[in-house]
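Here are some notes for when you have the model open.

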Amino acid sequence: MVAANCAMMTIPLPRPRVRPLPPIAATLALACVMLWLALPVVTLDMTEFLAPWLDHIVATGPVAAFATPFGNYAPAYLYLLAAVSPLAGSVAAPLLVKFVSLAGTGALALAVRHLLIRLDAPQPNRAAALLFILPSAMVNAGLLGQCDALWAAPCIMALAAAVERRHIAMLAWCGLALGIKVQALLIAPFFIALLINRRVALRLWVIAPLVAAATMLPAWAAGWPASDLATVYLRQAGTYPALAMNAPNLWQIVGSLPLIGALPLSGLALASALGATAAYIAWLSTRSLDGRALLGPALLAPLVTAGLLPHMHERYFFLADVVALAMALTFRDRASWQTAAMIQIGSLLGLFGYLSGLDAMAMLGAIPMIAATVNLARPLLRPFANDNPLLARA
């Protein structure tokens with residue numbers, strides 16, 4: 001009888017330990033210290049572009065400023081500068097610009113929290129707070145005053161909607177991200193492949209471009225010519241002729257090689273990016289991926305596009321930084337943390353290359369960035385990989 005009872009007993013398996021994250025208060029305190037050191041710094045982009053745009057808005061008025069074209073960003077970002085322009089009399093222009101960027105970082109942290117909750121990640125509040133001390137995020141907003149968090153936030157919300165299979169919301173968030181900055185296209189192959197994979201009706205695909213166009217309507221109503229608004233992204237594409245602008249990617253290395261670096265390689269870079277993107281879409285559109293298994297492919301998309309397209313900047317891996325952090329905070333395994341660390345190191349070296357003027361730093365950053373990309377891209381080179389810890393998890 002005792003033996004029978006013992007046979008019927010089940011021994012509970014030990015659950016994997018989840019290391020507790022730092023308290024939110026401690027995380028935010030560290031973020032405040034980092035910001036205190038970064039806020040007084042004024043970079044070249046701030047003095048030549050961002051602060052003069054705010055000065056123009058202050059001088060002409062928050063509505064009248066849009067009667068004539070100014071700036072080379074989409075107007076959605078300029079609306080935010082107009083919103084803070086009444087404070088220009090009491091706060092210096094560089095600080096106001098950085099406050100807008102920091103507000104975007106807050107929105108991005110909320111978007112990451114939303115995604116982590118949808119993925120059933122442990123400790124989503126503490127995990128999302130770590131975004132405020134993510135080095136590349138602090139450099140981007142607190143030091144450079146750039147607005148990449150503003151377009152990354154709707155991209156993360158679109159990813160969360162993809163997890164929930166809410167495709168209309170996903171497309172609307174994609175359109176908002178595109179309306180803020182064209183760099184949102186870096187993750188577009190992921191969403192295109194997902195639309196094909198899930199057979200989403202073609203009539204819904206127009207939601208994204210319509211929302212992006214809607215973000216330009218206030219500027220058009222204020223007098224900004226429609227032809228200029230329609231070509232804002234085309235003008236940005238031809239601004240910087242260099243093969244790589246401190247971007248930690250393959251072309252940063254190739255461009256520094258003797259003899260080879262002097263060749264016109266933009267066409268080769270574009271063809272490589274298009275070929276790799278087509279292979280990625282073909283691969284993902286045939287896989288059945290849901291939930292946490294979407295994180296790996298979502299991370300791979302900006303790594304491939306920013307890694308192979310010509311004329312990329314050091315900040316164009318920003319979305320990859322954020323998705324990699326979200327993946328590490330969800331899975332909590334060694335492979336995910338290693339991937340996030342490699343991507344973060346690569347991004348930071350690219351940013352420091354820009355700040356210091358040393359191209360060698362961006363070249364060094366390309367090594368861990370390429371390594372992370374190759375590791376994530378392995379399933380494209382072999383049959384369905386159930387043993388891949390980053391892409392094959394449900």
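Leaving aside neighbours within four places in sequence, which residues is Tyr77 in contact with?

1. Tyr77 is in contact with Leu50, Trp53, Val97, Val100, Gly145, Cys147 and Leu150, once neighbours within four places in sequence are set aside. Contact here means heavy atoms within 4.5 Å.

2. Before going on, a word on the source. This is a predicted model, in which local features need pLDDT of at least 70 and side-chain atom pairs count only at pLDDT 80 or more, while totals for chains, interfaces and linings use all residues. Residues are numbered from 1 along each chain as its sequence is written, and side-chain values use heavy atoms, with hydrogens and water left out.

3. Now the overall picture. The protein chain has 21 helices and 2 strands; these are DSSP runs (helices: H or I, at least four residues; strands: E, at least two), numbered from the N terminus. Of its 394 residues, 50% count as buried, where buried means under 20% relative accessible area, exposed over 50%, and partly exposed in between (1.4 Å probe, protein chains only). Take contacts between residues at least 6 apart in sequence: 76% of them join residues at least 24 apart.

4. Back to Tyr77 and its helix. Helix 4 (residues 75–84) is mostly covered, with 7 of its 10 residues buried: Pro75, Ala76, Tyr77, Leu78, Leu81, Ala82 and Val84. The elements these buried residues pack against include helix 3 (44–60), helix 5 (93–118) and helix 8 (148–163).

5. Tyr77 turns up again in the largest nonpolar core, which has 117 residues; Tyr77, Leu108 and Phe190 touch the most other members. Helix 8 gives the largest share of this core, 14 residues. A second, separate core of 6 residues includes Ala38, Val139, Leu348 and Leu351. By nonpolar core I mean a set of buried Ala, Val, Leu, Ile, Met, Phe, Trp, Tyr and Cys residues joined through side-chain atoms within 4.5 Å. As background, nonpolar side chains in soluble globular proteins tend to be buried together.

6. Have a look at Ile253 in helix 16 (residues 250–254). At 25% relative accessibility, Ile253 counts as partly exposed. Not counting residues up to four places away in sequence, Ile253 touches Met363, Ala366 and Ile370. The C-alpha atoms of Ile253 and Asp359 are separated by 9.2 Å, with the two residues 106 apart along the chain.

7. Two backbone spots to check by eye. Gln123, in the loop between helix 5 and helix 6 (124–129), has a positive phi of about 50° although it is not a glycine. His311, in the loop between helix 18 and strand 2 (312–313), has a positive phi of about 65°, and it is not a glycine either. Gln123 is partly exposed at 27% relative accessible area, and His311 is partly exposed at 23%.
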